[in-house]
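Please open the structure in a viewer and keep the sequence at hand.

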Amino acid sequence: MGNIRKKTNKNPPVLSHEFVIQNHADIVSCVAMVFLLGLMFEVTSKFAVLFITVQYNVTISTNGPDETAVNHFHHGIKDLATVFFYMLVAIIMHAIIQEYVLDKINRKKHFSKTKHSKFNESGQLSAFYLFSFGWGASILLSENFLSNPVTLWEGYPHTLMPFQMKFYFICQLGYWLHALPELYFQKTKKEDIPRQLVYIFLYLVHIAGAYILNLNRLGLVLLVLHYFVELLFHVSRLVYFSNENRQTGFTIWAVLFVLGRLLTLSLSVLTVGFGLATAENQGFDLAAGNFNVIFVRITVLAAICLTQAFMMWKFINFQLRRWREHAQAQTLKKKQVPSKSKSKKDKANGVNGVNSHAADSPRARKEKSS
């Protein structure tokens, strides 16, 4: 009876906050399975396909001796259903990484509460940035965007995307949307929520903006560049948690962070400010997906510039705080060294004082006179 009582105390009531938090991965897996099972039946398959497969397929036949059909995709309102499904997938993946990798490391290392939450954050983001950077870089190479930068604005609007690019943007939006319920599932501290909401909002606005305005090529290049720099920071933080003397990664990251901001601004101004401004296809046409008007161009550049300025401001504050902490640590070390030598002197004086006191005692005087 005692064992049963213990178990019932440990298990929270069904559908309570604690129950949902503990079992959120299983609940979300069940919801995802409903969509997958829907594919098996003819009645529900049309509905389930909206969530699981990439929508708005356009087949283009290439002219040549071997005429082949190539599938391209454009965006639309049905993409919201696909984004929702891959948001569920992101929640499941988050739970798998947490349970089978990060929690095991945490148990071995015995981190403090502050380090524990920072380690989890960096561990999750390192896995995501590594995956996104690798996938994004492979798309850039296969589409030759890096070897020919003119393609970033040439032929705008880029309404048609290859499957990999469209799926990449769907997964990106799904991941950053999943970060919102994760604030609840991970029991994020109240003081950390505003900071996390700001960067989730910035990611969603920029990714969705590039996707909707058909600036997907520029968006992809900037994301790959940004993810590489962020990956380096979070890997450096993981290394630092394992050994606090290893701080070289932060120095490399600091240099690349500044270069990354400059490259982002340069590419944005080159593509939006010059490339699109001098393009023949000017004008606003919602049906054709053309947003090449001065108001949209200024808004896009202003959003990018303000975000880069905000990131630089945060970076400078971070560096100043680090330098201050380092300076304080150095002054504490310097103070400790003289105090140690002083204490040694005091000890020596104490011994001499005892000896002189002993020498002045009546017994000692008697011995001297004899």
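Select Glu121 and Arg237 and display their side chains, which meet in a salt bridge with an N to O distance of 3.1 Å. Glu121 lies in helix 6 and Arg237 in helix 9 (residues 216–242), so the pair ties together parts that are 116 residues apart in sequence. Both Glu121 and Arg237 are buried. The model on display is a predicted one.

Arg195, at 38% relative accessibility, counts as partly exposed.

**Lys166 and Asp79**

The structure holds five salt bridges. For another of them, select Lys166 and Asp79, whose closest N and O atoms are 2.8 Å apart. Lys166 lies in helix 7 and Asp79 in helix 5 (residues 79–109), so this contact joins parts of the chain that are 87 residues apart in sequence. Is Lys166 buried or exposed? With a relative accessibility of 0%, Lys166 counts as buried. Asp79 is buried too, at 4%.

**Along helix 7**

Next, select residues 163–185, which form helix 7. At 1.5 Å a residue, these 23 residues should span 33 Å; the end C-alpha atoms are 32 Å apart, which agrees. Where does helix 7 bend? The bend, of about 30°, is at Ala179, and a proline, Pro181, follows within four residues. Helix 7 is mostly covered, with 17 of its 23 residues buried.

Move on to Lys187, which follows helix 7 and is found in the loop between helix 7 and helix 8. Lys187 has a positive phi of about 55° although it is not a glycine. For another such residue, select Asn214, in the loop between helix 8 and helix 9. Asn214 is not a glycine either, yet its phi is positive, at about 60°. With a relative accessible area of 1%, Asn214 is buried.

**Aromatic side chains**

A search of the whole structure finds 39 aromatic pairs. One of them is formed by Trp135 and Phe167, an edge-to-face pair with 5.7 Å from centre to centre and 65° between the planes. The pair links distant parts of the chain, since Trp135 is in helix 6 and Phe167 in helix 7, 32 residues apart. Trp135 is buried, and so is Phe167. Now select Tyr175 and Trp176, which also form an edge-to-face pair; their centres are 5.2 Å apart, and the angle between the planes is 90°. Both Tyr175 and Trp176 are buried.

Then turn to Phe257 and Arg261. Arg261 lies over the face of Phe257, at 4.6 Å from the ring centre.

**The sheet and a cis peptide bond**

In what order do the three strands form the open sheet? The order is 1-2-3, and the pairing is antiparallel. Strand 1 (57–61) and strand 3 (161–162) stand at the edges with a single partner strand each, so one side of each is left without a neighbour in the sheet. Strand 1 pairs with strand 2 (residues 69–73) over five bridges. To see the two strands side by side, select Ile60, which stands opposite Val70 in strand 2.

The last stop is the peptide bond between Tyr156 and Pro157. This bond is cis, with omega about 5°. Pro157 has its place in the loop between helix 6 and strand 3.

Key. Residues numbered from 1 in each chain as written. Predicted model: local features only at pLDDT ≥ 70, side-chain atom pairs only at ≥ 80, totals over all residues. Heavy atoms only, no water. Expected span 1.5 Å × (residues − 1). Bend = angle between axes of the 7 residues up to and from the residue. Buried < 20%, exposed > 50% of the residue type's maximum accessible area, 1.4 Å probe, protein only. Salt bridge = Lys/Arg side-chain N within 4 Å of Asp/Glu carboxyl O. Pairing = 2+ DSSP bridges. Phe/Tyr/Trp six-rings, centres within 6.5 Å; stacked < 30°, edge-to-face > 60°. Lys NZ or Arg CZ within 6 Å of the ring centre and 35° of its normal.
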